[in-house]
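Student: Could we go through this one together? I would like to start with the strand pairing.

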Amino acid sequence: MFDVFDGAKNAITAFSTSLKITSSNIGNLGTTGFKRSVSSFQHVFERALRQGRPASPFEGIGGVNPIVIGGGSTLSNVGLDFTQGDLANGGVTDIAMTQGGGMFGVTADGAQTFEYTRAGNFRFDANGNMVTQTGFQVMGIPGRINADGSFTATGTSQAISFGTRLDTTTLAWNDSQGVLHRFTRDANGNVAVNGAADAGLDTFQIAVASVRNPSGLRQTSSTNFVVTAASGPASALATPGGGVTAGRRNEQSNVQFISETIKSLEDQRSINAMLAMFRLTSDIISSFTTRLS
């Protein structure tokens, strides 16, 4: 009888954790580049009361199925859902991944180590460095814009920085290949790309990387991830290729409010059901105790 308490306790613990995960997902509905977490459950087998037995044509008896008593459920996995989020209009330095599983490379220690993110709501700091909202430097491929508007890389990935050049030149993404172009603002605040004047400009193309198993990444903040043994190593930071990015756009959270709300209600119902099992079992034990006394 007391086994019922153990099974109910295991289930309550699992569903309570799942409810925390769902609550976190809903809390990040408005977080740019957020990827929802998905919980999975598995059955806990407590013990086998009887082993299975095969049928015997020589003795004329049939087989017997095993009897296994379950011990409730437990959380088997918490994975990341890396499906594409909807795109929304952003600022001049914002950029979004529009397809594929690529991530932007960012660093907090001068490119000694990297974290990865889908949140492309970048900005420039006072030193002309392109950074995330939490201060990580954004990685890019240095190069030059040719007269025909194409980009030629002149080096390997490094932190995007324009230093004091940002005092007179403002930069923004203006094509689907994630290249930073120069633009100016008029007195009315309108943005104009310099066009032919861009030719020969030292600039950067955004750098991206990917892993074989994105669900195996470990979150270090709501939008940053680091690789693990489960995710596998990240590919070298490289240019994204045509049509993979969109300037002045943000990838929104991939959390769906309705489905997360339904999931939270299911978790709450499961917890209430397990609490009812506690009360029922307690009443039965009390009834036996009263009769024996």
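Student: Which residue in β9 does T107 stand opposite?

Tutor: T107 stands opposite Q137 in β9. This is a predicted model, in which local features need pLDDT of at least 70 and side-chain atom pairs count only at pLDDT 80 or more, while totals for chains, interfaces and linings use all residues. Residues are numbered from 1 along each chain as its sequence is written, and side-chain values use heavy atoms, with hydrogens and water left out.

Student: And how do β5 and β9 pair?

Tutor: Strand β5, residues 103-107, pairs with β9 in the antiparallel sense over two bridges; strands here are DSSP runs of E with at least two residues, numbered from the N terminus, and two of them pair if DSSP finds at least two bridges between them.

Student: How many bridges join β9 to β15?

Tutor: Five bridges join β9 to β15, which covers residues 202-206, and the two run antiparallel; within this pairing, G140 has I206 as its bridge partner.

Student: What about the hairpin, which strand does β9 form it with?

Tutor: The hairpin is formed with β10, with five residues between the two strands, and G149 in the turn has a positive phi of about 90°. Three antiparallel bridges join β9 to β10, residues 151-153, and R144 stands opposite T152 there.

Student: Changing topic, why is β9 largely enclosed?

Tutor: Strand β9 spans residues 137-145, and seven of its nine residues are buried, so the rest of the structure largely encloses it; buried means under 20% relative accessible area, with exposed over 50% and partly exposed in between, using a 1.4 Å probe and protein chains only.

Key: Helices (H or I, at least four residues) and strands (E, at least two) are DSSP runs, numbered from the N terminus.
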